[in-house]
Amino acid sequence: MFPVGRSATLGELEEDPHPLLARLRAAEPVSWIAVLGGWLVTRYDLAVRVMRDDTTFTVDDPRFSTSRVVGPSMLSLDGADHTRHREPFAHPFRPAKVRDRFAGFVEAETDRLISAFQPDGRAELRRQFAGPLAVGVVTEALGLRDVNANKVLSWYAAIVAAVSELTAGQPVSAAGVDAFGELREALLRAISRTDDRSLLGEAVRRPEALGQEDLVSNAAVLMFGGIDTTEGMIVNAVRHMLGDPDALDLVRGSAVLLQGAIEESTRLEPAAAVVDRYATCDVELSGAQIRKGDLVTVSIAGANRDPAVFAEPDRFNIRRENVRLNLAFAQGPHFCLGAHLARTETAIAVRGLLDRLPGLRLDPDHPNAPRGLVFRKPPALHVLWTT
C-alpha cells in the first residue's frame, strides 16, 4: 500500500518536493508518508475539505508542533476556543485597517533598508532586506520597541527550527525553548504598556481580552508567521520575477500585474508548504482509511500545483485568472489572519526594489533554489544591479 509515499525521503520533501508531490497527487492523493509518520494530502479538493472541516481534522492535539513550542493559541485550537483566541486580534488585520496603519511604515522601512545597500551594487536580500523588513513590521505591530531586529531574528530562527524539528519527529531543541522564554519576557513587557496603539495594546483593551499567557502565545504565533512567511513571500516573489525577464518587464509598469505576480509566486512556492491536522475519528478520505488520532498533513505546495485547478501548474504565469484560488494562506477557520498585511508588505517591498535598483538581476554565482520541509524559501538570495 502507498508505494510512492512509503519510499519518499525527507531529502526529497525538503529540497525539491514538486516532482514527488506530482506523483503522489496522481497516484496516491492521500498517502501514508513513512518518514513523517502520517498521511499527506496533495490534491486540491481534498486539501480544502480537510482544512475546512475542523470537526474531523483538528489542530487541537498535544502533538501539534507549534503549540509544543509556544503554547496553545489561535493556531492550535479549534471551535469556541479558537474564536476566543483569534477575535481580540482580528479587527486590526482588516484590509482598511492594514492600509491605514501599516502601509506608511512599510514604505519607510523599505526605503531605509534599500538606502543602506543601494550604493553597493549587490546584496543578499533575505538577510539584508526581506528578513529585517518583516521583523520591523512585526515589532512595530506588537509594540516590541525595546528589542533590536537581530535579537528578534535570532528568536524566530530558533523557533522555526524547533517547529521544523518537531514536524520531522525530533524533540524540541533547547535553543527553541530558550528563544521562546526570551520572547515571552519581551512580550510581557509590551503587554504592560497598555496605553500604546500596538496590536497587543488593542487586544488587552478589548472586551474579550485574553489572559497574559494566552496573549503571549498568540502574539508569538503572529510574530512567528509574520516574519517567516512574509520573508519567504518577498524572496520567493523576487526570485520568480527576476527569473522571468518577460514577466519582469510587465510587472515594472503595472501595479495589477505586480499583484498577480505575487499571488502566482505564492501559488508556485508557498512560504508555508504544509499544515498539520489530526483526525478526531476514523474517516475515509479518497480511499485511505484514516484512524482516529492519525496525523493528516495538508501539502499546500502540492494542492497549489493541482492541474485539475491550475492549467500548466508548474509555469509562472502572472496573468493567471484564477490565481486567488491558491491555498497559500490556508482555508477554513485557520485562514491566515495576516494575509492582507503580508500581501501589502510584499507588494511595497518588491516595488521598492524594482524602482530603486536599476538592472536588478539574480547573481549567477550563487544558487537560489528554495528549500525547507515546512517553510520554503531560498537560504539566500543574492542579487546584482547597476550603480
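**Crossing, sheet and cores**

Visitor: Why is the crossing of α14 past α16 called right-handed?
Guide: α14 passes α16 in a right-handed crossing, because that name is given when the near helix is turned clockwise from the far one by less than a right angle. This is a predicted model, where local features need pLDDT of at least 70, side-chain atom pairs count only at pLDDT 80 or more, and totals for chains, interfaces and linings use all residues. Residues are numbered from 1 along each chain as its sequence is written, and side-chain values use heavy atoms, without hydrogens and water.

Visitor: What makes the meeting of α14 and α16 a contact?
Guide: Ala255, Leu258, Gln259, Ile262 and Glu263 of α14 meet Arg343, Thr346, Ala347, Val350 and Arg351 of α16, so they count as a contact (heavy atoms within 4.5 Å). The axes of α14 (residues 255-268) and α16 (residues 339-356) come within 10 Å and cross at roughly 115 degrees. The contact residues divide into 5 nonpolar, 2 polar and 3 charged.

Visitor: Why are β9 and β10 called paired?
Guide: 2 bridges join β9 to β10 (residues 382-384), and pairing requires at least two by DSSP, so the two strands pair. They run antiparallel, with Arg361 opposite Leu384 in β10.

Visitor: What makes β4 and β9 edge strands?
Guide: In the open sheet, with the order β4-β10-β9, β4 (122-124) and β9 (361-362) each pair on one side only.

Visitor: Which residues have the most contacts inside the largest nonpolar core?
Guide: Phe129 and Met241, in a core of 107 residues. Helix α12 (residues 212-242) gives the most to this core, with 16 residues. Leaving aside neighbours within four places in sequence, Met241 is in contact with residues including Leu258, Ile262 and Val350.

How values were computed:
Helix = DSSP H or I, 4+ residues; strand = E, 2+ residues; numbered from the N terminus. Axes fitted to C-alpha atoms, helices over the stretch in contact; angles between N-to-C directions. Nonpolar A, V, L, I, M, F, W, Y, C, P; charged D, E, K, R; others polar. Core = buried A, V, L, I, M, F, W, Y, C linked by side-chain atoms within 4.5 Å. Buried < 20%, exposed > 50% of the residue type's maximum accessible area, 1.4 Å probe, protein only.
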